[in-house]
Amino acid sequence: MTAPAAPSCYHCGSHVPADAPWQIVLDETVHPLCCPGCEAVAHAIVQGGLESYYRQRTDLPGNPVNEALNSDAWAHFDSPERQATFVTSESDTEQLSATLAVEGITCNACAWLIEHRLNALEGITASAVDLSHHRLRVSWHANQLKLSQLLAVLATIGYSALPFEPDPTQEHLRHKKRVNAWRLRISGTNLIGITLLAFFLNGAALENVNPHAYTLFHWLPLGLATAVMLFATPPFFRRALVDIRRGLLGPAVPISLALSIAYLASIYATLLHTGEHYAGFITLLTTLLLLGGYVKSSLGLGHVQNTLKDALPASATRLYHDGCEKILPIGELAPGNHVVVKPGQRLPVDGTIEQGTSSLDESVLSGEQLPITRQVGDHVLAGCRNLENSLVIKAILVGADTRTAHISAQVKAAWGEQSLAAINAQNMHRWVSRLLIASLSVTTIGGWLGKAEVLDTLLSMLVVSSFCALAMAHPAILVASYQQLRKRGVVIQTPSALMTLSQTAHVCESLASHPDVVIFSPRKACAGETLVIARAMQRCIRHTSGLAVGISLILFTLAALGFLSPLGAVLGVVISVLAVVANTLCFSRSLSLSAAKGML
C-alpha cells in the first residue's frame, strides 16, 4: 500500500488540511480527503460498487463557490418579457415575487437549507418552500438582486429551479384529491356523530330528556344524513347516471339506489314517527366507499403510477456555438441543439453523444441497476441519469417527441382508472343487472307475502349487488402485472396488449406482433419473463374474480333469506374487497420473490 499521492482532496479537489485524518483506500492506494462529508460520500461510492467513478472520471467536480459567481447561464430569465409570464411586482416597494419549481427536494432538511441559504442573500425579503409540491415562493428587491443570481445560488447548493408552470392535469388531480378528502371528513365526522347519538338515544337517559331536546335528537340523525347525501355522495350518483346512459350498469347503480331508498325511508320515519331510521347505514356505506377509494389510490390498485413522466427533467443546459451555456426549459429546445449533461443530471433529450464518455443509469427505463458505459456516437434516451463525466449531446428528439415522453403519454391515456374499469364493464353489467332483477323480484314477493323486514332485505341485496370486489379485481391485477413488468424493463402501453399476451404461445411471434410492447432491458430472458407474467396474471384474474363472485353470491343468498342486515351487507362487501386486495398483493409479492430468487 502506497502513501498518499496528492495533497488535494481525492473526491472534490479541495485543499486537505494538515494532519487530516480522513482518507479512502482504492486500488491499494491511500487517497486523502478534506472533510468528513467527502469521506462519507467516497466510502458510499466505493461500498456501493461504483468505484469506477473515480477510475474513469476525466475531471473533478466543479467548485460551487466559483459557480455561484457566474449567473450568465440564467441571465435570460432577467428579461422583462420573460418575467412577465411568472413574476408579480409591487410598484410601491419595487419588490418582485415568483413561484419556482425546484428539482431535488426530498425532505424537510432540503426545505431548511434552501430557505436559510436564500434568506442570507442581500435583497431577499421572503422565501418559503412547499415541500409537498416541490415549489418555492420567493420575494426579492429588483434593485438589489437579480433572478439569475438567485437561480445560480440554488444551483450551487444542488437544486435546479425554473419558473413554475401549472400543469392542468396535475392541478385537476390535486383538486380532486382535496375534494375527496373533504367528502371523507364530512362523512366520517357525521358517522361518529350518528353513532354517539344512537348510544345516547338507546340509553336510560332518554327518559329524562325534555320535549324540546327530544325533538332535536329525533331530527338530528336525518340532518346528519342529509349533509352526507348532499356533500359526500354526489360522485356515486354522477357515476350511476353515466352508467345508465351508456347502457352498462356498474357498482354505482345499486349503491345509488340503496342510498336513495334508505334516505327516503329515513325521511318517512322522521316525519311520521314510524319505521326505521337508516342514517347510520347511509353514513357508514358512504364513509367506507370513500375510504376504499382513498386506500385504492394509495396502494396504486386503480391506476398506473406513471414513473416515466417523472424521469424527464424540467430544464436543460444548452451549449451554443460560442461556448456559452444557458439553462432553458425543456420546451425551448429544438432538434439539432447541443445540450450539456453534467454528472447527476438526467438526460433531457433523445440524441447522440458528441463529446465525452460516461456511465448512465438506465434503470428507470430498463430496470437494470448496473450502469452502462456510453461514449461518442452512442444513441441515448431522455430520462437516463448521467453518473460520472459531463456529456455533450446533439438533440434528435426533444420534449413530447422523445421516446420516453411518447410512451408516458400512451401509458397515461390507456392505464387510467376509467380505461381500466371499461375492460371488465361487460362482465360487471351482466352480474349487476341479474342481481338487480333478482333483488326487485325478491322484494316484490316479500311485499306480497307481507314480510315486515322487506326494506332491510332490499337494502342488503342492493349493497351486495354492487359487486365492488369484482369491479376491483380485474384492474388491480392488471396494474400489479404492469408494475412487475416495469421493474424488469418492459413497458406495456395498453392493457389490451397485456391481455393478448397472456393467450399467446410463442415468445417471438407474440412480442413481434404487438407494437404496444416496448422492451428496454438488454436481457435475453426478458421476453420469456413477459409471457410468464402475462399468463400468471390471467390465472390470478380468474381465481380472484371467482373468489369475488363466490363471496358476493353467498352474501346475496343470505340477504334474500333475511339473514343479513344492511349493516351486515356493508361489512360483507368490505370483507370481499379485502380478500381481493390480499390476493392481489400476494400475487405481486410472489412475482417479486420469484425474480429475487432467479426463478422468473
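This is a predicted model: local features need pLDDT of at least 70, side-chain atom pairs count only at pLDDT 80 or more; totals for chains, interfaces and linings use all residues.
Local features need pLDDT of at least 70 and side-chain atom pairs 80 or more, while totals for chains, interfaces and linings use all residues. Residues are numbered from 1 along each chain as its sequence is written, and side-chain values use heavy atoms, without hydrogens or water.

View 1. Helices (H or I, at least four residues) and strands (E, at least two) are DSSP runs, numbered from the N terminus. Of the 600 residues, 44% count as buried (under 20% relative accessible area, 1.4 Å probe, protein chains only). Contacts mean heavy atoms within 4.5 Å. Among those between residues at least 6 apart in sequence, 69% join residues at least 24 apart.

**View 2. Strands β13, β12 and β15 form an open antiparallel sheet, in that order.** Its edge strands are β13 (372-374) and β15 (385-386), each pairing on one side only. Two strands pair if DSSP finds at least two bridges between them. Strand β12 (residues 358-361) pairs with β15 over two bridges. Leu360 has Asn386 of β15 as its bridge partner.

**View 3. Asp27 sits in the loop between β1 (23-26) and β2 (29-32).** Its phi is near 55 degrees, a positive value in a residue other than glycine. Most residues other than glycine have a negative phi.

**View 4. Phe467 lies in the loop between α17 (454-465) and α18 (468-487).** Phe467 also has a positive phi, near 50 degrees. This residue is buried, with a relative accessible area of 0%.

Key:
Buried means under 20% relative accessible area, exposed over 50%, partly exposed in between (1.4 Å probe, protein chains only).
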